[in-house]
Amino acid sequence: MSASASNVSPPDLDRLRRLSAAGPRYTSYPTAASFTEEFGPADYARAIAERNAAAAPVSLYFHIPFCENICLYCACSVVYTANKKRAAPYLELLKREIDLTASRLDSRRSIEQLHLGGGTPTFLAPDELRALMSAVRDRFAIAPDAEISIELDPRVTSDEHVAALAECGFTRASLGVQDFDPAVQAAIHRIQPAEQTTRLIETLRVRGFGSVNIDLIYGLPKQNLASFQNTVRGALQLRPERISLFHFAYLPGVVKHQERINAADLPETDVRLSLFEYATRAFLEAGYVYIGMDHFALPDDELARARERGELHRNFQGYTTRGDCDLYGLGLTSIGDLKIAYAQNAKKMDEYTRRIEAGELATVRGYRLNRDDLIRRAAIMELICQFELRVGAFEAQWDLNFADYFAAELGALRELEADGLVELHPDRIQISSIGRFAVRNICMAFDAHLSGLAAKGQKFSRTI
C-alpha cells in the first residue's frame with residue numbers, strides 16, 4: 001500500500017514546524033500529571049469492587065524495573081543495577097502483590113491481555129520468568145486466546161530467554177532499537193549492533209512469536225537525515241509487524257541522567273522534523289498503515305484491523321485492541337486504569353516493599369474520574385483512536401447537547417479547521433489526513449486540566 005493508497009501522507013516541513021508544540025501523549029485522560037496522593041489503597045480497593053460488579057475482562061501489566069545500564073534518552077521508571085540477585089526478592093514482592101490483587105478480583109473475570117514491561121523484563125533469568133508466569137496462572141484465569149506480550153532488549157535477551165517465554169505462552173514482543181547508527185548509540189549509551197536485533201527477531205520467529213514491534217526514536221543526539229535514513233531502511237528490512245516512532249523528549253530538568261547528553265549534539269528543529277517526515281513517508285510507502293500517534297502496522301496486523309473496525313483503544317501501553325479490559329498494574333510504579341479511576345504504585349523500592357510486606361496495596365496516588373472527566377476522555381479517545389467523533393451517538397451516550405457542552409472547544413477547533421487539520425460537520429468531527437499527525441494538538445482542545453497543569457510548570461514532550 002503506498003502513501004496515496006492509504007489516504008495518509010505526512011505534512012510538509014513548514015506545517016510540521018508550526019504544529020510542533022508541547023502536549024500530553026494521552027495514554028490516559030486526565031493524564032498522570034493530575035494524579036493526587038489523596039487517592040490511596042482504600043480508594044483503589046473500592047474501585048476494584050465496583051468494577052467487579054461490571055464484570056469487565058482484565059488486562060495485567062507487570063513492571064520489571066531493573067536495567068544493567070543507563071540509556072541516556074530513557075525516562076522510564078528504572079532501577080539501575082548489574083546485580084542479578086536483586087531480582088529474587090523483587091519477584092517475591094510481586095508474587096505477594098499478585099495474591100493481594102487476585103483476592104480482590106472476582107475470579108470469574110478472565111485475563112485477556114498480559115504484558116511484561118520495564119526496565120528490562122529479561123533482566124530476570126529464564127527460570128525466574130517461568131516462576132512468575134506460574135504464579136500468575138495459579139491466581140488468575142488466563143483466557144485461552146489471551147494476548148501475552150513482553151518488552152525485550154536485544155542486548156541481554158538470550159535464546160534461553162526466548163525459549164522460556166514461548167513455553168509461558170508469549171507470542172508478541174516489542175524490541176527497543178532506537179537507532180542503528182554507532183555514533184548515535186554511543187551518544188545515548190546504548191551500544192546495540194544491528195546483528196543482535198536481527199538475530200533476536202529470527203529467534204522469536206522460530207519460537208512462534210507472530211508479532212514483533214520495533215521502537216525507533218527521532219531527535220536523538222548525533223542523528224542526521226542520512227544516518228536516520230539508514231536506520232529506517234534497516235528497520236524495514238526486518239519487516240516487523242509494528243513500528244513505533246517516538247519523539248525524543250529532552251527534559252534534563254526532569255530526567256537527571258539526560259544532563260549527560262551534550263545539548264549541542266541534538267539535531268536542530270528542522271532536522272528533527274525532517275527525520276519524522278522521512279520515516280513516516282518511508283513506512284507508508286513500504287505498506288505500513290498509520291495507526292495513530294507514533295504507531296504503524298502492517299495491514300493484516302490486529303491493530304490495523306481494529307482501526308478498520310473502529311475498535312481501537314488507547315491505554316498506558318499505547319494503542320490496544322482490548323479496549324473493554326480493565327488494566328491492573330503490578331510492580332514498582334505501575335499504573336492501573338479501571339475506567340472509573342487510575343491508581344499508581346509506589347515509585348521507590350523501599351516504600352513499595354514496606355506496603356506489600358504490610359499486606360496492603362501499594363497505591364500511593366491516583367485519580368477518581370468525575371462525569372466531566374468521563375465525557376472528555378470519551379471525546380479524546382474517539383479522536384485519538386478513530387480520527388472522528390460521531391456527534392449524535394456521543395450525545396445519546398452522554399445525554400448532552402454537544403454544541404452547548406463543548407462550545408469553547410468547538411471555537412478552538414475552528415482555528416485548527418482553518419489550518420486544514422480538522423473538519424467540523426453538524427453530525428461529526430472529522431480529522432483530516434494531515435491532522436492525523438497532529439492528533440495530540442486536536443485532543444488538547446478538550447483537555448480541561450491542561451491550563452492548570454501548565455500554570456504549575458508541568459512539562460510535556462513535543463507533539464511532533
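Helices (H or I, at least four residues) and strands (E, at least two) are taken as DSSP runs numbered from the N terminus, and contact denotes heavy atoms within 4.5 Å. The model is predicted, so that local features need pLDDT of at least 70 and side-chain atom pairs count only at pLDDT 80 or more, whereas totals for chains, interfaces and linings use all residues. Residues are numbered from 1 along each chain as its sequence is written, and side-chain values use heavy atoms, without hydrogens or water.

An open antiparallel sheet is formed by 3 strands in the order β17-β19-β18, pairing being assigned where DSSP finds at least two bridges between two strands. Because β17 (388-390) and β18 (422-425) each have a single partner strand, one side of each is left without a neighbour in the sheet. The twist averages 10 degrees from one strand to the next. Strand β17 is joined to β19 (residues 428-431) by 3 bridges, and L389 stands opposite I429 of β19.

Helix α13 (residues 391-398) lies across β17 and β19, at about 60 degrees to β17. Helix α15 (residues 407-418) lies across β18 and β19 and runs at about 130 degrees to β18. Axes are lines fitted to C-alpha atoms, for helices over the stretch in contact, with angles from 0 to 180 degrees between N-to-C directions.

Both β17 and α13 also contribute to the lining of the second largest pocket, where β11 (313-315), α12 (371-386), β17 and α13 each supply at least two residues. The largest share of this lining, 7 residues, comes from α12.
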